[in-house]
Amino acid sequence: MARKRTKHTDSRQETDKQSPRPPTFLLELPLVVDEGQAKRLRAHLEVGRQLYNALLSEGQRCLRRM
């Protein structure tokens, strides 16, 4: 069964109209690492991803119980 989507007013939009944000600049720099550093970094990022997904799943489970 498809759910009907409704538009929600974002409270940030209302505050943005009152006080405009200054421009944001983004700078991307290449990360130069050797093979060992890359392997370790990938492992740490994977652990972070798994932790994030576990916490998100638990939070959604709690919301469904409410």
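Biologist: Which residues form a nonpolar patch on the surface, and how should I read such a patch?

Modeller: In general, patches are made of residues with over 30% relative accessible area and no salt bridge, where nonpolar side chains (Val, Leu, Ile, Met, Phe, Trp, Tyr) are joined within 5 Å and like charges within 9 Å. Accessible areas come from the Shrake-Rupley method with a 1.4 Å probe, and for residues only the protein chains shown count as cover. Here L31, V33, L41 and L45 form the nonpolar patch, and together they have about 370 Å² of accessible area. Please keep in mind that this is a predicted model, in which local features need pLDDT of at least 70 and side-chain atom pairs count only at pLDDT 80 or more, while totals for chains, interfaces and linings use all residues. Residues are numbered from 1 along each chain as its sequence is written, and side-chain values use heavy atoms, with hydrogens and water left out.

Biologist: Where is L31 found, and is L31 buried or exposed?

Modeller: Helices (H or I, at least four residues) and strands (E, at least two) are DSSP runs, numbered from the N terminus. The chain has two helices and zero strands, and L31 is found in the loop between helix 1 (11-18) and helix 2 (35-65). Buried means under 20% relative accessible area, exposed means over 50%, and partly exposed lies in between, with a 1.4 Å probe and protein chains only. L31 counts as exposed because its relative accessibility is 64%, and in the chain of 66 residues, buried residues make up 2%.

Biologist: How many salt bridges are there?

Modeller: A salt bridge is a side-chain nitrogen of Lys or Arg within 4 Å of a carboxyl oxygen of Asp or Glu, and by this rule the count comes to three. One of them joins E46 with R49, whose closest N and O atoms are 2.5 Å apart; both residues lie in helix 2, three residues apart, about one turn of the helix. E46 is partly exposed at 31% relative accessibility, and R49 is partly exposed at 44%.

Biologist: Which residues do salt bridges that share partners join into one network?

Modeller: R61 and E58 meet in a salt bridge at 2.6 Å, N to O, and because they are three residues apart in helix 2, about one helical turn separates them. The side chain of E58 also meets that of R65 in a salt bridge, at 3.7 Å, N to O. Through these shared partners, E58, R61 and R65 are joined into one network.

Biologist: What span should helix 2 have?

Modeller: The expected span of a helix is 1.5 Å times one less than its number of residues. Helix 2 has 31 residues and so should span 45 Å, which agrees with its end C-alpha atoms being 45 Å apart.
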